[in-house]
2 protein chains.
Amino acid sequence: MPELRKDPVVGRWVIIATERARRPSDFVTEPVRPRTTACAFCEGREDQTPPEILAGRPREGKPNTPGWTYRVVANKFPALRIEGELEPAGEGLFDKMNGVGAHEVVIESPQHATSLAELPVDTVADVLLAFRERMLDLKKDPRFAYVLVFKNHGEAAGASLEHPHSQLIATPIIPIMVSEELAASAQYYGLKERCVWCDMVRQERRAGVRMILEAQGFVAVAPFAPRFPFETWILPWRHRAAFEDSTEEELRGVAGILGEFLRRMNRVLGEPPFNFMLHTAPFREGQLESFHWHLEVIPKLTRVAGFEWGSGFFINPVPPEDAAEALRASAP
Amino acid sequence: MPELRKDPVVGRWVIIATERARRPSDFVTEPVRPRTTACAFCEGREDQTPPEILAGRPREGKPNTPGWTYRVVANKFPALRIEGELEPAGEGLFDKMNGVGAHEVVIESPQHATSLAELPVDTVADVLLAFRERMLDLKKDPRFAYVLVFKNHGEAAGASLEHPHSQLIATPIIPIMVSEELAASAQYYGLKERCVWCDMVRQERRAGVRMILEAQGFVAVAPFAPRFPFETWILPWRHRAAFEDSTEEELRGVAGILGEFLRRMNRVLGEPPFNFMLHTAPFREGQLESFHWHLEVIPKLTRVAGFEWGSGFFINPVPPEDAAEALRASAP
């Protein structure tokens, strides 16, 4: 019998279609492996990108020259532009404003043929520290309400370049998915005076069936009502609303669990394309008692079609308990 | 300069990324053309599907034999099952219920190598009449709150079979996307005592720039804040909340505009994969003054990636005014 499950935060229902259930090996995806050998993001080609905004340069050295461990540059084809004012305007019923924002790329390694799953934990931590630093800087710009950190890995997950990288887009508006989570979390807090995410983590750690990993203050858990097969959330056990308030030690913990999770996912699913997206408290919200940052990782294994686009219901052929079991069992 | 635009109903913002703007010919999609010549949905293979629930049989004839113009059968691999009770249950924080529902397939033609764009208007009208008849029948089941009618056309749009078909899924819950539209439409009605969809159609007909087609009481319009390039909505000019209350004459009008729109889309975009999804008033809502049925058509031209999944913001490289102009210009 299929099962309908409700996400306890946003109230989105999903169909766990057990009769369509599949084993990890049933998902045929092209493994993500580099086909070209060098690109504009590679070391030695610093002049092919916009100038660097931030970089890891352990031996100091001049900006936009070799010798870096990571680089942050403006996106050459930005979805939003850094210059200008918002100028909100109406057009009859409709509302619009200028597409002002920031769109940056974090080049995660000078090497082309690698990925977050293969990089040493210190290098992954440096990437997370770069996210933090850019968020703290963008926060100073009064035009921006939020910054979404995300990653597209593999062509099927929307990546146009192979070289390991993630992106940040700062927006003048809190994205609708985040504001729905915020509103629902605040409603729960109003009722219970507890953070719904803290409650969820406590319940998952007690139940164990959807737990994947647990280390250094962080958990990787298969959510109760996942939209996608093998969808996984990484979040701190302790209440933390804003990612950019993390200490360096905490970010080393995130780096450890993220790398270990990605290696397990690669073993179980054969290096699938994937996305991750960071949900954190908006810039002007301060220390929210009701919200809790979390990183959502979604391997790209299924197609989203008319039913999902029309209903917001997702059909997921893999119960999260099965996904978590497979990922737990794949310890090195 | 990119532009941020807000959907006037659900408040979703999209980024019209004019600097990434593209012409129709820049979207490389595989044209959807049948590769196999026959399948379980073809005439003469009626024993290979579940028994028919409804069929067009102009020369009468026995069920599940040749001689039909369309057939409705249960989905062989249903996402939801028709038997059983909902039995809602809790699991700590979480809510679940049995996956009870209906999942039916409308086989639109006995021919394999055709599509809604090529079928005569009377045949398309018969398909729409079949939707109506199945909705009216499923409405009698007190377990169901909504039925989503949708179509996946082409593999990239999620179709697993080439033979022209659409689907219905009846759910025990109003899908979150529909309930968000309902709530927002009711709020607008509360303020203005007018239907927001009626207001939108009036404004679009006056402005003209996003109008694609207009005939027999229906419009095809590029929405002001489309998620996807060439996204198009088909809806009646006059206020109509529930699709299943349409008269036969009205459905002939829908068939005419839908077929004509699909032919233009095929000419402009080279027979792209696409989805359509029908949004209509829920079964138990009666004659809503605030809601207006509409059919959303989305050609599958771009990939949805981390930014969209994480934010609910969509980046659309084609302004709807340009899409509408290209579709208007492609008159036969």
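Predicted model: local features only at pLDDT ≥ 70, side-chain atom pairs only at ≥ 80, totals over all residues.

Reader: What makes β13 and β14 of chain A a pair?

Author: Two strands pair if there are at least two bridges between them. Strand β13 (residues 274-279) and strand β14 (residues 294-299) of chain A have six bridges, in the antiparallel sense. That meets the cut-off, so they count as paired.

Reader: Where do these strands sit in the sheet order?

Author: The order in chain A is β3-β4-β7-β9-β8-β13-β14-β12-β11-β10, an open sheet of ten strands with antiparallel pairing.

Reader: Why are β3 and β10 of chain A said to stand at the edges?

Author: β3 (52-56) and β10 (211-215) of chain A each have a single partner strand, so one side of each is left without a neighbour in the sheet. From one strand to the next, the twist averages 15°.

Reader: Over to the helices. Why are α1(A) and α4(A) called oblique?

Author: Their axes cross at roughly 125°. Roughly perpendicular covers 65 to 115 and roughly antiparallel is over 145, so an angle between those ranges is oblique. That is therefore the label for α1(A) and α4(A). The axes of helix α1 (residues 121-138) and helix α4 (residues 248-269) of chain A come within 8 Å, and the crossing is right-handed.

Reader: Which residues of α1(A) meet α4(A)?

Author: On the α1(A) side they are A:Val121, A:Val124, A:Ala125, A:Leu128, A:Leu129 and A:Arg132. Their counterparts in α4(A) include A:Leu251, A:Val254, A:Ala255 and A:Leu258. By class, the contact has nine nonpolar, two polar and three charged residues.

Reader: What about α1(B) and α4(B): at what angle do they cross?

Author: Roughly 125°, with axes that come within 8 Å. α1(B) and α4(B) are therefore oblique to each other, and their crossing is right-handed.

Reader: How do you know which rotation relates chain A to chain B?

Author: By superposing chain A on chain B: a rotation of 180° with 0.0 Å of shift along its axis does it, at an RMSD of 0.0 Å. That is the relation of a two-fold axis. In chain A, the C-alpha nearest the axis belongs to A:Val304, 4.6 Å from it.

Reader: What makes you say the copies meet through the same surface?

Author: 100% of the interface residues of chain A are also interface residues in chain B, so the surface is shared in that sense. As for counts, 59 residues of chain A are in contact with 60 residues of chain B. The side of chain A that touches chain B has 32 nonpolar, 15 polar and twelve charged residues.

Reader: Which strands of the two chains are joined by bridges?

Author: Strand β6 (residues 94-98) of chain A and strand β1 (residues 3-6) of chain B run antiparallel and are joined by four bridges. A:Asp95 stands opposite B:Lys6 in β1(B).

Reader: And which five strands form the sheet with mixed pairing?

Author: β15(A)-β2(A)-β1(A)-β6(B)-β5(B), in that order, as an open sheet. β15 (314-316) of chain A and β5 (89-91) of chain B are the edge strands, since each pairs on one side only. The twist averages 30° from one strand to the next. Inside that sheet, β1 (residues 3-6) and β2 (residues 13-16) of chain A pair in the antiparallel sense over four bridges, and A:Glu3 has A:Ile16 as its bridge partner in β2(A).

Terms used: Residues numbered from 1 in each chain as written. Chains lettered and ligands numbered in written order. Contact = placed C-beta atoms within 7 Å. Nonpolar A, V, L, I, M, F, W, Y, C, P; charged D, E, K, R; others polar. Least-squares fit on C-alpha atoms with pLDDT ≥ 70 in both. Axes fitted to C-alpha atoms, helices over the stretch in contact; angles between N-to-C directions. Parallel < 35°, antiparallel > 145°, perpendicular 65-115°, else oblique. Left-handed = near helix turned anticlockwise from the far one by under 90°.
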